[in-house]
Amino acid sequence: MLKFIIPLILFIILAVFLAVGLNLNPHDIPSPFINKPAPVFSAPKLTTPTEKLSTGDLKGQVWLFNVWASWCVSCRAEHPVLNELAKQQAVTIIGLNYKDEADDAKKWLDTLGNPYNVSIMDQDGRIGIDWGVYGVPETFVVDKKGVIRLKFTGPVTPETIQQTLLPLIKQLQAEQS
Amino acid sequence: MKIILLFLLLLSPIVNAVDTYQFNNPEKQAAYDSLVSELRCLVCQNQTIGDSNAELAADLRRQVYEMLQQGKSKADIQQFMTDRYGDFVLYNPPFKATTSLLWLGPVAFLLIGLIAVFLFVRRKKSLPTADHADQDAEKLAAARRLLTDKDTENLS
């Protein structure tokens with residue numbers, strides 16, 4: 001009897017490991033930024049490059065930081081979802097236009113709609129490096145104190161907005177700044 | 001001839017990705033070379049930033065170059081990268097609670113294997129050898145009987 005039970009147990013252990021491994025997303029790297037202060041930036045705005053937006057301007061409010069680019073295919077899939085979120089006016093959405101040409105980016109917002117309160121430009125990708133960006137689109141949730149509370153890699157879906165983002169935003173907005 | 005050419009092609013060294021930054025200081029050059037071969041390109045994941053042509057890899061090489069030129073040490077740059085991308089960016093991750101399985105896993109499997117071999121060998125050895133001898137003797141006797149029976153048959 002033992003002769004059959006031991007291989008069976010070994011097989012089950014192996015199968016469990018493989019099943020877990022199959023369901024992990026290798027691109028989902030845990031961000032070291034969670035619950036750390038958001039990296040500071042001060043960057044020109046996309047629409048009015050003479051003006052700058054800095055992290056200090058956003059103190060006291062909950063904001064989404066969405067990294068996007070006109071060359072990014074998944075961003076196109078994500079865009080209507082962000083437009084829908086912007087319509088609800090639940091949260092400030094800041095865009096980081098990552099390694100993009102300003103003209104292309106503006107054209108993209110004109111044709112597909114602009115969900116961002118402000119988009120800032122990061123043409124050489126330095127702000128991206130500071131924020132640990134490696135796969136566009138990425139989305140960060142920053143609380144009133146300027147601390148990063150959540151990070152998504154890849155396009156945000158309506159489900160993640162309903163189930164994760166909106167409840168978190170509500171909770172963060174209730175917090176003291 | 002074709003085979004030889006193919007072979008030469010296979011032997012040709014893998015060319016490092018495009019831009020190579022030059023340093024006047026050989027120590028910095030060495031630090032740069034070792035850093036770009038130790039940091040993971042997070043877009044392609046199985047390449048170092050020195051091997052990869054991805055834009056992010058190029059940006060990270062530029063970052064490494066600039067930090068070295070500013071006089072930052074290798075440890076500073078590794079810290080800078082792990083602060084932003086986590087331990088995953090290092091091809092040689094540090095030993096801590098979250099990476100213990102990674103480091104100890106192979107040792108554990110080796111131990112399990114050794115124990116299994118030990119148990120297997122011991123069980124083999126402990127099989128009663130006397131039985132073997134008895135069985136052999138019996139078989140031998142049976143064979144002899146057969147032979148002698150045959151002989152007598154032939155004779156008759």
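## Helix α3 of chain A

Helix α3(A) is followed by Gly113(A), a residue with a positive phi near 95°. Within α3(A), which spans residues 102-112, the buried residues are Ala105(A), Trp108(A) and Leu109(A). Viewed down the helix axis, these buried residues fall within an arc of 95°, so they line one face of α3(A). An α-helix has 3.6 residues a turn, so residues three or four places apart point the same way.

The other side of α3(A) carries Asp103(A), Lys107(A), Asp110(A) and Thr111(A), which are exposed. On the buried side, the cover over these residues includes β4 of chain A.

Strand β4(A), made up of residues 92-98, is itself mostly covered, with six of its seven residues buried. Its pairing with β3(A) is parallel and runs over six bridges, and within β4(A) it is Gly95(A) that stands opposite Asn66(A).

Strand β3(A), residues 63-68, also pairs with β6(A), here in the antiparallel sense and over five bridges. In this second pairing Trp63(A) stands opposite Val142(A) of β6(A).

Strand β6(A), residues 138-142, has five of its five residues buried, so it is largely enclosed by the rest of the structure. Glu138(A), Phe140(A) and Val142(A) point one way from the strand, while Thr139(A) and Val141(A) point the other way, and all of them are buried. In a regular strand the side chains alternate between the two faces of the sheet.

Thr139(A), one of the buried residues of β6(A), stands opposite Phe152(A) in β7(A). The hairpin that the two strands form has five residues between them, and Gly146(A) takes a positive phi near 85° there.

## A proline in a loop of chain A

Pro39(A) lies in the loop that runs between α1 (2-23) and β1 (42-44) of chain A. Is this proline buried, exposed or partly exposed? With 18 other C-beta atoms within 10 Å, Pro39(A) is partly exposed, because a residue counts as buried at 20 or more such atoms and as exposed at 12 or fewer.

When its neighbours within four places in sequence are left aside, Pro39(A) is in contact with Asp130(A) and Trp131(A). Leu10(A), by contrast, is 29 residues away in sequence and 47 Å away in space, taken from C-alpha to C-alpha.

## Chain B and its helix α4

The secondary structure of chain B comes to six helices and zero strands, so that its elements, read from the N terminus on, run α-α-α-α-α-α. Of the 156 residues in this chain, 14% count as buried. Among the contacts in chain B with a separation of 6 or more, 45% are between residues 24 or more positions apart.

Helix α4(B), residues 74-85, has twelve residues and reaches 16 Å from its first C-alpha to its last, close to the 16 Å expected at 1.5 Å a residue. Its buried residues are Ile77(B), Met81(B), Arg84(B) and Tyr85(B). They cover an arc of only 80° around the axis, which puts them on the same side of α4(B). Ala75(B) and Gln79(B), on the other side of the helix, are exposed. Directly after α4(B) comes Gly86(B), with a positive phi near 80°.

## Where the chains meet

The buried residues of α4(B) pack against α4 (126-130) of chain A as well as against α2 (26-36) and α3 (55-69) of chain B. Across the two chains, twelve residues of chain A are in contact with 14 residues of chain B. By class, the side of chain A that touches chain B comprises six nonpolar, four polar and two charged residues.

## Confidence of the prediction

For the complex, the predictor gives an ipTM of 0.80 and a pTM of 0.74. Chain B has an average pLDDT of 82, and 79% of its residues score at least 70. Over residues 13-17 of chain B, however, the pLDDT is below 50, and this stretch has six contacts in the model beyond near neighbours in sequence.

How values were computed. Residues numbered from 1 in each chain as written. Chains lettered and ligands numbered in written order. Helix = DSSP H or I, 4+ residues; strand = E, 2+ residues; numbered from the N terminus. Expected span 1.5 Å × (residues − 1). Arc of directions from axis to C-beta. Contact = placed C-beta atoms within 7 Å. Nonpolar A, V, L, I, M, F, W, Y, C, P; charged D, E, K, R; others polar. Pairing = 2+ DSSP bridges. pLDDT = per-residue confidence, 0-100.
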